[in-house]
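Keep the structure open as you read, and follow along strand by strand.

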Amino acid sequence: MQNNPHTTLITSDAPVAANTHGGRAKCLQRLVRLDMPVPRTVALSFESVHQIANGNVPDISAVLEQFEPTALLCVRPSSEDPDWGGPGAVLNIGMNDARYLDLSADMGRDAAAALYLRFAQSYATHVARLDPDVFDDIDADGREGLSLTLRAYEDETEEAFPQERGEQLVGVLRSMARAWEGTSARLLRQAKGAPADAGLGLVIQEMIPGVGQGECGSGVLQLVDPATGKPQITGRYLSQSQGRDALGEGVSALFLQKDERGPSLEDVAPEAFSDLKAHAALMREKLREEMQVEFVVQNGNVHILDGVRVQRGSRAAVRIAVRLAEDGIIPPQEAVMRIDPHSLNELLHRQVHPSAKRDVLTTGIGASPGAATGRLVFTAAEAQASAARGEPCILVRRETSPEDVRGMHAAVAVLTEKGGMTSHAAVIGRGLGLPCIVGASEMRFQTKLKQLTAPDGRVFKTGDVLTIDGSSGQVLVGEPAMLEAALDDSFQTLMGWADAERDIAIRANADTPADAQTARNFQAEGIGLCRTEHMFFDPGRLTVMREMIFAQTPSGRAAVLERLLPMQRQDFVQLFRIMEGQPVCIRLFDPPLHEFLPTTRSGQREVAEALDLPVSDVERRVDSMSEYNPMLGLRGVRLGVTVPEIYDMQARAIFEATLEASKDGAPVVPEVMIPLVSAKREVELVRARIDKVATEVASEQGQEFDYRLGVMVETPRACLRANEIAPHTSFMSFGTNDLTQMTYGLSRDDAGRFMSAYVRLGVFNEDPFHVLDADGVGELLRLGAERGREAQPGVTLSVCGEHGGNPESIAICRALGFDYVSCSPFRVPVARLTAAQLAISSKLGG
């Protein structure tokens, strides 16, 4: 048999590999090499199991020759990746009438009957394909239950239960092989990431009964808490049991360690418990992983049936990887590589507890991770009022607009009917670390009636309690149990190792002092995008902005903006001081002015009253400023050229804040970014005015200062003409949100209506607003980077769209040689870890 590559006795030097025989077979070989008490085991390869499924059974007599003639056997699945699953194990193969009599003499009739009964029912349902209902009426166990089970089998199959061990084994192998290759099993494992043609190995192992005289039983043991990763012996042990019986619901399992709450394995079999701990510690050291040990105790002696990687959540994964590295078992670089960057979201935000029951109303797009519970409110004003009362609330809108930002700040979560991964609600939600679900279009949003109707007809109104799970996109009824965020020492250690490896800088998008502080807490290397327009939606500033919009002359606009100047200046002073000398890139005013004007009649009456104007004047102004497609209208640099007073005021506020903040520490060097550029002349015009303001401020203050001026590249033309634009700039930051919209001719706010269908049908591999389009948008980035650096070799290149926090997108930016990426504050750790893994893979040639 040793020479047969498809049917192999597992020894230290047997030709066994995970990609030919599966992970369980390979792990058992490693345990054999460590001289652990592993029962004799034969491994069948993927090819052998495939042949069995097609009716070609290997030489069973050669397999059975590896075991004692009276040995009972078990068969377990061995897939390449344990997460892919496989058919359930079948125990006690070889049990028949004769072995029942023999074992009755050795271990007692009831114990022997339990072994036979277990196998008979398993064989009947998995091999003979009998309906499990056949045995529902059999309430008895032991000898009576066995007799009734064998009689039921004979009645249903019209033949006696097979008595020959080889016949039983062939039936079990054929059943498991065909189950693996069935359509349902194939679809299930493909959903877990397995390839369609993934193979299955099988291991045939001598049974250690786990029942009988003396202390006998089975269980599992691990050296860590699977939820936290902290060192703690956990697991279960059940006397007089087999397989994974100890893990069953409602069983009276023993503790492992001594425990005042009840008896333990350490009490009843101290030597076995000591041996188990030693075996687990050796596995951890030699297999370089925290392992769960599946074991059997037979008359006080330990036998190791299997070792599998401890199942763990994100919190435990980080702590386990760090402890392995700190103990010298793996290098820090490997610890960094072992953590999925996406999983860090679970550490940064509250999450619904994995064991919590979920009453799911609907599923939308999980646009900002984390979970929160609150009472429903339907307006920003209601959200602010709720926050003032100290009541957590969920803001429900068809879609959010800049006017809702203060309400979003007040809410604990946001739910919208429309939108996608880069819609307004999604972007602001991620920036605030606010759980957010968008595109929940299967629910009926009746905002005027202030109620939601779920697909199943349930109605929820203002004040009703729901939970938003922004990680999964599920809207839940009520208040499920939560897990709190966990940024502990292990997390900080891991991120320190990651920072030592990465070769691309990570900044944060931050619009407020709170955002900036979060960015500092997550160790961002500066602010890559500060969107100043959000600063104007404060009620005290909104009226002034509206007054500026209604001013008829440049001098009138400038006079009104003078009142905003000190407010803007203080905003920037706070940001500069929080960032403590790190770069802060401030995007000049971007949105169209009509966003600051109300669209409802009641809102227009309020503006007329506040500005002492006739309502008709307000209505005419609103009508005159409306645009067919605001995204492509009078916004960004176009406002800076045609209404230059706004940029003049902002530039002055930035420069005056620069001098004020520099008094407290290192000189501040602000970065001023012009949005939506598409032509060189736009940059020339705006730059001339900003330089003029800088000269005026320096003269007035009697102090010189440095600043950097750059552009936000959001139009395809700016990418194509980067060679003309770059010489006039210090940096070019690619705003991939708008660049994706303009490249595709697709609104990010409307894409959610059909994007899932497009991805499912293969039109797009991924939502291009979630994962950067490498072929289309990525090509524009490459052209822009190459042409910009050719004309201006020292120009700084970056991405500041939401793609900046996406691992797949960061890989594209790094490959193109970008200097940094900027993302929402809560995605900074994900970006830092991703960048480190890319750098490590590059060093390893991966």
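## A strand pair to begin with

Start at Val360, whose bridge partner in β21 is Leu476. This contact belongs to the pairing of strand β11 (residues 360-363) with strand β21 (residues 474-477), which is antiparallel and runs over three bridges. Please bear in mind throughout that the model is a predicted one.

β21 also pairs with strand β20 (residues 465-469), again in the antiparallel sense, this time over four bridges. Here Asp469 stands opposite Gln474 of β21. The hairpin made by β20 and β21 has four residues between its strands, and Gly473 takes a positive phi near 85 degrees there.

## The eight-stranded sheet

Where do these strands belong? They are part of an open sheet of eight strands, in the order β11-β21-β20-β13-β14-β15-β16-β12, and its pairing is mixed. At the edges are β11 and β12 (365-368), each of which pairs on one side only. From one strand to the next, the twist averages 30 degrees.

Strand β13 (residues 371-377) pairs with β20 in the antiparallel sense over five bridges.

## The four-stranded sheet

There is also an open sheet of four strands, ordered β7-β6-β8-β9, and its pairing is antiparallel. Its edge strands are β7 and β9, as each of them pairs on one side only. The twist in this sheet averages 20 degrees from one strand to the next.

How many bridges join β6 and β7? The two strands pair in the antiparallel sense over seven bridges. Among the residues involved is Gln222, whose bridge partner in β7 is Thr234.

Two packed helices are described by the angle between their axes and the distance between the axes. Take helix α12 (residues 314-326) and helix α18 (residues 489-501): their axes come within 9 Å and cross at roughly 65 degrees. That angle makes α12 roughly perpendicular to α18, because the roughly perpendicular class covers 65 to 115 degrees. The crossing of α12 and α18 is left-handed.

Now turn to helix α32 (residues 807-815) and helix α33 (residues 828-843). The axes of α32 and α33 come within 9 Å and cross at roughly 55 degrees. That makes α32 oblique to α33. The crossing of α32 and α33 is right-handed.

Rolling a probe the size of a water molecule over the atoms shows where empty space is left. The second largest pocket has a volume of about 1,200 Å³. Its lining takes in 40 residues, and those nearest its centre are Arg24, Pro82, Gly307, Val308 and Arg309. The elements that give two or more residues to this lining are α2 (23-33), β3, β6 (217-224), β7 (231-239), β8 (291-298) and β9 (301-309).

Which element gives the largest share of the lining of the second largest pocket? That is α2, with five residues. By class, the lining of the second largest pocket divides into 14 nonpolar, 13 polar and 13 charged residues.

The largest cavity holds about 50 Å³ of space. Its lining consists of Cys74, Arg76, Leu91, Gln205, Glu206, Met207, Ile208, Pro209, Gln242, Gly243, Val296 and Leu305. The elements giving two or more residues to this lining are β3 (73-79) and β5 (200-206). By class, there are seven nonpolar, three polar and two charged residues around the largest cavity.

The second largest cavity also contains about 50 Å³ of space. The residues that line the second largest cavity are Met421, Arg430, Phe769, His770, Glu802, His803, Asn806 and Arg827. By class, two of these lining residues are nonpolar, three are polar and three are charged.

How values were computed:
Residues are numbered from 1 along each chain as its sequence is written. This is a predicted model: local features need pLDDT of at least 70, side-chain atom pairs count only at pLDDT 80 or more; totals for chains, interfaces and linings use all residues. Side-chain values use heavy atoms; hydrogens and water are left out. On a 1 Å grid over the protein atoms alone, a cavity is a set of points where a 1.4 Å probe fits but cannot get out, and a pocket is an open set with protein on both sides within 12 Å along at least five of seven lines; lining residues have an atom within 4 Å of a point. Grid points are joined across faces, edges and corners, and a volume is the space filled by probe spheres set on the points. Ala, Val, Leu, Ile, Met, Phe, Trp, Tyr, Cys and Pro count as nonpolar, Asp, Glu, Lys and Arg as charged, and the others, Gly among them, as polar. Two strands pair if DSSP finds at least two bridges between them. Axes are lines fitted to C-alpha atoms, for helices over the stretch in contact, and angles run from 0 to 180 degrees between N-to-C directions. Angles under 35 degrees count as roughly parallel, over 145 as roughly antiparallel, 65 to 115 as roughly perpendicular and the rest as oblique. A crossing is left-handed if the near helix is turned anticlockwise from the far one by less than a right angle, and right-handed if clockwise.
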